[in-house]
Amino acid sequence: MLAWFGVMGEAMADSISSETWYQVWLKGERIGYVRSVRNETDREIRHQETFSVSLKRATDPVRIWTEETHIESPQGKPLGFELNQRLGDSVAQARGQWQQDHWQVEQSDGLQWRQVATTIPADALLTEGSERLIRAARDAGEKEVRYAMFDPSSLSVVQVALTLGDLETVQSPTGPIKAYRVDQMMRMAGASLASTEWQDATGEMRYSRMPMLGTELELVLSTQAEATPEAIGGDLFHLTSLPAPRVLSVRERSAPMRYWLKVDGQVELPEQAGEQRARRVDAKHCELPDGASTRCFRIDIDAPNFRDQTIAAPELKTPSSWVQSDDPKIVAFATKKAQSAKTDSERMQLLTHAVSARLADKNLASAYASASEAFADRSGDCTEHALLLAAAGRALGIPTRIAAGLAYTNEFAGSSRVFVPHAWTQAFIDGRWQSFDAALGQYDSGHLLLAVGNGDPGMYFGSLNALGSLAIARIGKGRATP
């Protein structure tokens, strides 16, 4: 979460310990807090970031809580990290130590710990190292800063690019703030995140804005008393649904389809992923005026012919804290349900039906449960279906990944003809990635993919950041493209 929320202030406190609080706002409503603590000894420096927010999901509140600790030497060299995360009732943990030339990492789903292989480079920084680099650039009068940061929540490297700006006055939810502007772009596997923060002369963050769930998340420097009272924000469904310009029939969605999307800002769409291909086209196709900053993309979805032959990365074949393909119960389940199949395609089809039947209680109670949790609880929504199907596929030696995006529905949560946030599974079969949807029963051309990844919640929720910058201009019949 430290990586997702950028560099949360650059000032090194004169004292051994310091604590900073922020209010968290989403679409004009206060939804929680961030607590930032820094402790320094002559042996190490610890930065601990606690992020706690609550949102409504239909009628039920869902709490998202993350506590991440970065442990570094007094010179800013990585030594270790700790991560504790709760999404609703689901628990995830990770911890790691730097061992001379590599990270030794373990992950847990709250029940058991497992070793995780990583390929994090030695020059990937944590918080203290990042802050020192930024401070040195500022002191040297530089305006552009680039570096690689290790994100423990996804066990991946984030490429960070900062532009250090001038003093300006900005309006925050609690009033005007005068501070120095810093624009930040973070690029990670499957997603990018642009944000802006305003810092005082010491480098401490006063205010921050970033896209989140199709709208804007804001952090404002505060006191503990002002930041911590219970607050529950708006409904996730209404924040993240995307209207369709017309009704889409089942027959249409069973054939190739073509979409034209208006895309604002820094949003990036995968050029090709599974059955979907995205190409930027002339603005006139989206009825945009000449010179418009909004871009126009054509999205083609053609299941039988597109061949996304991206090589399956090693981590898409092995267990993780969210896709526990080594869980003995999941292995036995997958083996039994697919025993009559002769090909991997047939195995995935049988597993899709088996997972749908296993998760008979299709509800929204879990914010993001792991495959093992979903299997044990026999319940969940699209994310639980996708993770369990991915785990079952890997248990049989089939590389799998999670696709995050939108799926069309005629009616949902009081809205008509909308695309709603959705997750499904892709498996690498016969030299290409193919989609399977256990939650809806089958994959069709009513799925719009925004990102793919290994199943960590950061990828899924991060993909939703694009929603406030997307609009569907029109929809047409697709073409079978070889």
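**Exercise 1. Is Ser379 buried or exposed, and what surrounds Ser379?**

Step 1. Take the relative accessibility of Ser379, which is 12%. Step 2. Compare it with the cut-offs: buried means under 20% relative accessible area, exposed over 50%, and partly exposed in between, using a 1.4 Å probe and protein chains only. Ser379 therefore counts as buried. Step 3. Place Ser379 in the chain: the loop between α7 and α8 holds this residue. Helices (H or I, at least four residues) and strands (E, at least two) are DSSP runs, numbered from the N terminus. Step 4. List the neighbours, where contact means heavy atoms within 4.5 Å. Leaving out residues up to four places away in sequence, Ser379 touches Leu359, Asp361, Asn363, Ala374 and Glu384.

A word on the model: it is predicted, so local features need pLDDT of at least 70 and side-chain atom pairs count only at pLDDT 80 or more, while totals for chains, interfaces and linings use all residues. Residues are numbered from 1 along each chain as its sequence is written, and side-chain values use heavy atoms, with hydrogens and water left out.

**Exercise 2. Describe how α6 and α8 pack.**

Step 1. Find the angle and the distance: α6 (residues 344–358) and α8 pack at about 135°, with their axes 10 Å apart. Axes are lines fitted to C-alpha atoms, for helices over the stretch in contact, and angles run from 0 to 180 degrees between N-to-C directions. Step 2. Angles under 35 degrees count as roughly parallel, over 145 as roughly antiparallel, 65 to 115 as roughly perpendicular and the rest as oblique. The two helices α6 and α8 are therefore oblique to each other. Step 3. Name the residues in contact: Met348, Leu351, Thr352, Val355, Ser356 and Arg358 come from α6, and His385, Leu388, Leu389, Ala392 and Gly393 from α8.

**Exercise 3. Which residues of α6 are buried, and against what do they pack?**

Step 1. The buried residues are Met348, Leu351, Thr352, Ala354, Val355 and Arg358. Step 2. Their packing partners include α5 (328–337), α7 (371–377) and α8.
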